[in-house]
There are 2 protein chains.
Amino acid sequence: MGDGVSTTCGEDALCEADGPDVMRSVIERIGDKWSLLLIRTLQDGPARFTELLRATPGISRRMLTLTLRNLERDGLITREAFAEIPPRVEYSMTQLGLTLNEPVRGLMQWAAANQIAVVANRAAYDDREVAGG
Amino acid sequence: MGDGVSTTCGEDALCEADGPDVMRSVIERIGDKWSLLLIRTLQDGPARFTELLRATPGISRRMLTLTLRNLERDGLITREAFAEIPPRVEYSMTQLGLTLNEPVRGLMQWAAANQIAVVANRAAYDDREVAGG
DNA sequence: CAGGATCCCACCAGATACTG
DNA sequence: CAGTATCTGGTGGGATCCTG
């Protein structure tokens, strides 16, 4: 806990000096296994815990809890618990989180457009290795 | 080894059914700790092993080797070895890799513009927790 | 329903030493 | 210079059981 990214350069400038650091800070948090998927789902509107669980095939309850907490910690989503029986908790994007929509969409579109090519490249590469590269 | 993403939908369409799968496939490969940083560096032009090592603070030789190999396997970069003494190896983006430029830039710009807000949110969240939230 | 606590394995990745 | 090979510890994350 407690990283401490150096914030010695302006807010809206791409300062070359710690460009890599900036990327590391965003990749390690936004780019982990589940965050982007949850962000993408929540862009469509608020959702409850179990909804997110089913909308994210392969995620465990544990990882959903942890990932949501990290996103909340970073101010990308909010958590609202209703004191009802049975309990209900809703997660929704913050203003900051919503600004992630465009970059995330860009990456998803690239993935959708090029996944087939990537898979083909992988197969070709593996063939070459097996052949005795 | 050997995933096998289902490719039952069109190449240029965002098919809702396996949207999450598409994202997983791109996140696990492109979104790991080092790939995006290397992609970003190589967008500026070809580079040698040691250049990439120094341009990527914190990476080990081992991880650089492995990450480069994965990127080559996916067809995002090419590796060219020159039979010289001392040896020289140059890595450069492929056409496919170059198309990643825009989405990656988008994410980097978001990171640069909002990292300070995120760090502040984190600190505020941690304060609340410590206070006894 | 929405988590918390605990156990435990698998894999990631750093350190080190060696090679073409 | 540009890797490879091996060992090892740390930790991410699943499985399981328990709570409000």
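In chain A, 3 strands make up an open, antiparallel sheet in the order β1-β3-β2. Its edge strands, each pairing on one side only, are β1 (47-48) and β2 (77-82) of chain A. Strands here are DSSP runs of type E with at least two residues, helices are H or I runs of at least four, and both are numbered from the N terminus; two strands pair if DSSP finds at least two bridges between them. β1(A) and β3 (residues 88-93) of chain A run antiparallel and are joined by 2 bridges. In β3(A), A:Y91 is the bridge partner of A:A47.

A note on the model: it is predicted, so local features need pLDDT of at least 70 and side-chain atom pairs pLDDT 80 or more, while totals for chains, interfaces and linings use all residues. Residues are numbered from 1 along each chain as its sequence is written, chains are lettered from A and ligands numbered from 1 in the order written, and side-chain values use heavy atoms, without hydrogens and water.

Now to the DNA. Sugar and phosphate supply 62% of the DNA strand D atoms that come within 4 Å of the protein.

Here are some polar contacts, meaning pairs of N or O atoms within 3.5 Å:

| Protein side | DNA strand D side | Distance |
|---|---|---|
| B:R69, side-chain N or O atom | phosphate oxygen | 2.7 Å |
| B:P87, polar backbone atom | sugar or linking oxygen | 3.4 Å |
| B:Y91, side-chain N or O atom | phosphate oxygen | 2.6 Å |

With 4 residues, α4(B) gives the most to the surface near DNA strand D.

Terms used: Near = heavy atom within 4 Å. Polar contact = N/O pair within 3.5 Å; in protein donor to acceptor, adjacent residues only side chain to side chain.
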